[in-house]
Amino acid sequence: MRPIARPARISQIAHANLLVPPEPAQQVTFAKGFGPRSLLTVDTEEEFDWNAPFRADGYGLDHVRAISGFQEFCEGLQVTPVYLVDWPIANDPLARDIIGDAVRAGKAEIGVQLHPWVNPPFSEEVSTHNSYAGNLPPDLEEAKYRKLRDKIEESFGTLPRIYRAGRYGLGPQTTRLLSETGIAIDSSVRANFDYSAFHGPDYSRHPLTPYWTDAGRKLIELPLTTVFWGLLRRQAPALFPLATKYPLLGSALARLGLLERISLTPEGVTAEEALRAVDIAIDDGLPVLVLSFHSPSLQKRHTPYVRDENDLDALYDWFRAVYGYLHQRGVRPTTVAEIMRAVDA
């Protein structure tokens, strides 16, 4: 996935039937004693210039070798990562070996991540608007998705059961498409974020708790975990849009401990902040805490978050601190397969 750039005006009508927050009755319930758990998701993707326009070529895969060391690190923590792979990764022989070996050993899981600008078929204009798969014509979104899903099954020898749209870009037809192709869990919703000013979806009023996306209860939405922290966190729906519009206000609120938005990621979030977010998530009764980061951050100079060796060391230290604290708080790591088994139908 890629950070949001260049604002633009766009109507939200195209997203309306997908992005209406669900009713409480649609929330997923789990077997007694299941939660709280944590799930580590890795947006496993190509390297590219995050500040440049989107393009279908010119990317790199130099960091793929570093996934092997990260996998060993996860095994030491007794964590099973979920690699959400896109088209360049699914077609890379080294990635297929490293990730495939871990998946076959039961020490990792595989999922789908659609970056439409590098995923055939290529018939659309490459642009910011079209970087959200949900903005594409439904038949093109489906063609790209099916080609990627089939390639992942071929490359890794297993049927992916979890999906994340690149740039969190769900659309009005995505739920149907995922349900029809064996996906059991979507994890594209980034609750408490609004990308509508940048051609993307608005998730600012979506819940953090898992919920069913369809009346037939075939597809679970498992939002990435982002919480509000601070004395005014209960007033966040009203206050945070102002803090976003006026950065100085947002900085002041965070500095004074009044209001801060914290995602469970080592990218741009300190370990100290993440531990506070863990406390909030547990106190709010979240059954699954979803952690995430981008695989190019496993090597320096590929993302804004890891510029040198010190940043890379800090990334690994973040995981040590967060998983140590999760263990202390009684939050055990989980897997996609375990989540699916624990769901109360």
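## A buried glycine

Gly250 counts as buried, because its relative accessibility is 17% (buried means under 20% relative accessible area, with a 1.4 Å probe and protein chains only). Gly250 sits in helix H8, residues 247-255. Helices are DSSP runs of H or I with at least four residues, strands are E runs of at least two, and both are numbered from the N terminus.

The model is predicted: local features need pLDDT of at least 70, side-chain atom pairs count only at pLDDT 80 or more, and totals for chains, interfaces and linings use all residues. Residues are numbered from 1 along each chain as its sequence is written, and side-chain values use heavy atoms, without hydrogens or water.

## Strand S1

Strand S1 (residues 37-44) is largely enclosed by the rest of the structure, because 8 of its 8 residues are buried. Arg37, Leu39, Thr41 and Asp43 point one way. Ser38, Leu40, Val42 and Thr44 point the other way.

S1 pairs in the parallel sense with S10 (residues 288-294) over 7 bridges; pairing requires at least two DSSP bridges between two strands. Val42 stands opposite Phe293 in S10. S2 (residues 82-85) also runs parallel to S1, joined by 4 bridges. There, Tyr83 is the bridge partner of Val42.

## Nonpolar cores

The largest nonpolar core has 70 residues. Such a core is a set of buried Ala, Val, Leu, Ile, Met, Phe, Trp, Tyr and Cys residues joined through side-chain atoms within 4.5 Å. Leu40, Phe70 and Tyr83 are among the residues that touch the most other members. Helix H10 (residues 309-328) gives the most to this core, 9 residues. A second, separate core of 18 residues includes Phe34 and Ile339.

Key: Buried < 20%, exposed > 50% of the residue type's maximum accessible area, 1.4 Å probe, protein only.
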